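I am opening a notebook page on this structure. The entries below record what I looked up, in the order I looked it up.

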Amino acid sequence: MKKFYLIISLVIFSLSFSSCHDEPDYDNTLLGNFDALADIIDQHYCFLSDKNINWNEVVEKYRALIEPETTVLELFFICAQMLDELEDGHVNLSSRFSASYYRNWWSDYPQDFNLRTIEEYYLDFNWLTTSGIMYRQIQNEIAYIYYPSFSNTISETSLDYILALMINSRGLIIDIRDNGGGALTNINTLVGRFIDEPFVGGYLMHKTGPGHDDFSEPYPMEYKPAAEGRIKWNGDIVVLTNRSCFSAANNFVSVMKELPNVRIVGAKTGGGGGMPFTSELPIGWSIRFSACPILDAKGNVIENGIDPSPGCEVHAPEEELAEGKDAILDFAIDLLKDNPLPFPDEEEEGEQNN
């Protein structure tokens, strides 16, 4: 854990230091603010090369829309439209009157989830809750937990209660559908209950210069087992995903996918594999953007999402959810009843990753 905090500190220091190099002064004018925003993305956004974006062309396209009579409100929306070209939910332009947000990363995909269906038809409106986690044994043999947000801090004591009450279950389902992310430290806490030895679950890089490919060497993100005496889960695990799994939730799936007793079931996650950083324009608007790419354990960028395990892509149609049937959850239950979990085809797995 300390090693991970050290990495984050190094990243923050590097970002702060890199911002100290000579940069032009931007006037608080329409074009001055636009150019400041364009240059911040050009020099500090971390996925321009990975997404094969010709940023100069994008900037030229939107700069041409600014005219002497353009209002500040119109400038905001021109800038927001330009940022949408990055297709990144971590990129937000914030002013006193609005904040931009790219929604298409999830809105163009099936939802594959309805919490009311889970509550009514699978939990019978009867569940326990601690640390923001809903949990209960379903069908008298499968442990089920729903974790809606990594912004909800998970306490070690809460995990002890959850696992102790369901430790004799045939398998464990961790449902993180619609989890939009939160604190990376909660990943460490949760993963620590499923491993017996430290392991590297991914890597982190930071920008070292203004070039699109100026990055540090990857820093390992190490995950350690929970402290001695804490309750562990050594059985099979299925993690349920949909497109609305983003940021820390996306990273959690990437880490869990490396464990041999885990299968990822559902839809490809929404991505968000960059640690965000915030800067400011002369007008006072703030720009939040992905500054540090996170890689999986194999060194692949996870910005574009994580595929389910081979043979485990499942969707839950809205009409079925309305009738009380969750195809993704049902698939996971059946998979765990086949205990032990079938081992994924390594060749097929390699084809799915990027």
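**Entry 1: a strand pair**

I began with strands β10 (residues 274–280) and β11 (residues 286–296), which pair in the antiparallel sense over seven bridges. Strands here are DSSP runs of E with at least two residues, helices are runs of H or I with at least four residues, and both are numbered from the N terminus. Two strands count as paired if DSSP finds at least two bridges between them. I looked up threonine 278 and found its bridge partner in β11 to be arginine 288. The hairpin of β10 and β11 has five residues between the strands, and glycine 284 in this hairpin takes a positive phi near 105°.

**Entry 2: ground rules**

I note that the model is predicted, that local features need pLDDT of at least 70 and side-chain atom pairs pLDDT 80 or more, while totals for chains, interfaces and linings use all residues. Residues are numbered from 1 along each chain as its sequence is written, and side-chain values use heavy atoms, with hydrogens and water left out.

**Entry 3: the chain as a whole**

I counted 12 helices and 11 strands in the chain. Of its 354 residues, 51% are buried. I use buried for under 20% relative accessible area, exposed for over 50%, and partly exposed for what lies in between (1.4 Å probe, protein chains only). The accessible surface of the chain comes to about 16,200 Å², and carbon and sulfur atoms hold 48% of that. These areas come from the Shrake-Rupley method with a 1.4 Å probe, and for residues only the protein chains shown count as cover. I also looked at contacts (heavy atoms within 4.5 Å). Among contacts between residues at least 6 apart in sequence, 73% join residues at least 24 apart.

**Entry 4: nonpolar cores**

I took a nonpolar core to be a set of buried Ala, Val, Leu, Ile, Met, Phe, Trp, Tyr and Cys residues joined through side-chain atoms within 4.5 Å. The largest one has 73 residues, and Phe34, Trp55, Ile174, Val239, Phe252, Met256 and Ile287 have the most contacts inside it. Helix α2 (residues 30–44) supplies the largest share of this core, seven residues. A second, separate core has 25 residues, including Phe113, Tyr144, Leu240 and Leu321.

I then listed the contacts of tryptophan 55, leaving aside neighbours within four places in sequence: Ala38, Ile41, Asp42, Leu48, Met82 and Leu86.

Threonine 117 lies in helix α6 (residues 115–122). I found threonine 117 buried, at a relative accessible area of 4%. Not counting residues up to four places away in sequence, threonine 117 touches Tyr122, Leu321, Gly324 and Lys325.

Aspartate 88 sits in the loop between α4 and β1. Aspartate 88 is buried too, with a relative accessible area of 1%. With the sequence neighbours up to four places away set aside, I listed Tyr45, Phe47, Lys51, Tyr102, Phe246, Ser290 and Glu303 as touching aspartate 88. The C-alpha atoms of aspartate 88 and asparagine 104 are separated by 8.9 Å, and the two residues are 16 residues apart along the chain.

**Entry 5: salt bridges**

I found 14 salt bridges in the structure. A salt bridge is a side-chain nitrogen of Lys or Arg within 4 Å of a carboxyl oxygen of Asp or Glu.

Aspartate 35 forms one with arginine 63, with the closest N and O atoms 2.8 Å apart. Aspartate 35 is in helix α2 and arginine 63 in helix α3 (residues 55–63), 28 residues apart. Aspartate 35 is partly exposed at 21% relative accessible area, and arginine 63 is partly exposed at 33%.

Lysine 61 and glutamate 85 form another, with the closest N and O atoms 3.2 Å apart. Lysine 61 lies in helix α3 and glutamate 85 in the loop between α4 and β1 (92–94), so this pair ties together parts 24 residues apart in sequence.

Glutamate 258 forms a salt bridge with lysine 298, the closest N and O atoms being 3.1 Å apart. The two lie in loops, glutamate 258 between α9 (248–256) and β9 (262–266) and lysine 298 between β11 and α10 (318–322), so the pair ties together parts 40 residues apart in sequence.
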